[in-house]
Amino acid sequence: MPKHPKETVAITTPHVTGDEDIGEIRNIVGFHIRLAHGAVYRHFTETFADLDLTQKQVSALWLIDDHPDIAQTGVAQRMRMDRATTMAIVNRLESKGYLLRKPSRSDGRKQALNLTDRGRKALAAAKRAIQQHEHKSRFSEKEVAKLIELLTRIHE
């Protein structure tokens with residue numbers, strides 16, 4: 001038996017009245033990013049429950065649609081994920097009938113990924129759900145653009 005039980009990871013729990021007093025941590029950007037991520041993740045999960053898709057799966061579908069014949073390694077690089085995680089996502093999407101793999105025309109060692117008609121329909125439904133999800137944002141279009149700019153400075 002291990003000395004330390006495995007930690008259960010939960011993104012965050014919803015805000016409740018009375019939890020505002022967080023002390024000096026309120027000045028830590030990373031703390032607020034974690035809370036914001038948790039709130040967005042919770043809402044995304046609720047929005048996408050009927051579609052049976054994760055955030056990463058939707059992102060992969062969208063990326064593959066934007067870049068026909070993209071290699072799995074290209075998906076991994078653009079989404080900044082490791083190869084094993086990317087492979088699991090691609091396998092899952094393929095098993096749902098959302099994408100096809102075929103030998104790459106430019107590099108026979110790679111597989112080109114493309115959406116099926118079913119995958120395009122799933123992506124269209126996901127995009128509609130994302131629009132609803134984004135519409136519930138508390139920001140104006142200008143604020144959203146600025147927020148994306150600021151967050152991009154953190155991760156690039």
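The protein chain holds six helices and three strands. Helices (H or I, at least four residues) and strands (E, at least two) are DSSP runs, numbered from the N terminus. Along the sequence the pattern is α-α-β-α-α-β-β-α-α. This is a predicted model, in which local features need pLDDT of at least 70, side-chain atom pairs count only at pLDDT 80 or more, and totals for chains, interfaces and linings use all residues. Residues are numbered from 1 along each chain as its sequence is written, and side-chain values use heavy atoms, with hydrogens and water left out.

Start with confidence. The term pLDDT is the predictor's confidence in each residue, from 0 to 100. The protein chain averages 84, and 85% of the residues score at least 70. Residues 1-10 fall below 50, and beyond near neighbours in sequence this stretch has zero contacts in the model. A contact here means heavy atoms within 4.5 Å. Where pLDDT is low, the predicted coordinates should not be read in detail.

Next, the chain as a whole. Of its 156 residues, 27% count as buried. Buried means under 20% relative accessible area, exposed over 50%, and partly exposed in between (1.4 Å probe, protein chains only). The protein chain exposes about 11800 Å², with 55% of it supplied by carbon and sulfur atoms. Accessible areas come from the Shrake-Rupley method with a 1.4 Å probe; for residues, only the protein chains shown count as cover. Among contacts between residues at least 6 apart in sequence, 52% join residues at least 24 apart.

The largest nonpolar core has 24 residues. Such a core is a set of buried Ala, Val, Leu, Ile, Met, Phe, Trp, Tyr and Cys residues joined through side-chain atoms within 4.5 Å. Phe48, Leu53, Val75 and Leu93 have the most contacts inside this core. Helix 2 (55-66), helix 3 (72-79), helix 4 (83-95), strand 3 and helix 5 (117-135) each give two or more residues to it.

Leaving aside neighbours within four places in sequence, Leu93 is in contact with Leu53, Gln57, Ala60, Leu61, Tyr98 and Leu99. Helix 2 itself has 12 residues. From first C-alpha to last it reaches 16 Å, close to the 16 Å expected at 1.5 Å a residue. That expected span is 1.5 Å times one less than the number of residues. Gln57, Val58, Ala60, Leu61, Leu63 and Ile64 are buried in helix 2. An α-helix has 3.6 residues a turn, so residues three or four places apart point the same way.

Three of them form an open sheet in the order 1-3-2, with antiparallel pairing. Strand 1 (70-71) and strand 2 stand at the edges with a single partner strand each, so one side of each is left without a neighbour in the sheet. Two strands pair if DSSP finds at least two bridges between them. Five bridges join strand 2 to strand 3. Pro103 has Gln111 as its bridge partner in strand 3.

Leu115 also lies in strand 3. Leu115 counts as buried, at 8% relative accessibility. Leu115 and Leu100 are 15 residues apart in sequence, yet 6.3 Å apart in space, C-alpha to C-alpha. Not counting residues up to four places away in sequence, Leu115 touches Leu61, Ile64, Asp65, Tyr98, Leu99, Arg120 and Leu123.

The loops deserve a look too. Asp107 sits between strand 2 (99-103) and strand 3 (111-115). Asp107 is buried, with a relative accessible area of 16%. Ala71 is 36 residues from Asp107 in sequence and 9.4 Å away in space, C-alpha to C-alpha. Lys96 is found in the loop between helix 4 and strand 2. Lys96 counts as buried at 12% relative accessibility. Its contacts, not counting residues up to four places away in sequence, are Asp52, Leu53, Gln57 and Arg118.

Asp52 lies in the loop between helix 1 (29-47) and helix 2. Its phi is near 55°, a positive value in a residue other than glycine. Asp52 is partly exposed, with a relative accessible area of 48%. Asp69, in the loop between helix 2 and strand 1, has a positive phi of about 70° although it is not a glycine. Asp69 is partly exposed, with a relative accessible area of 28%.
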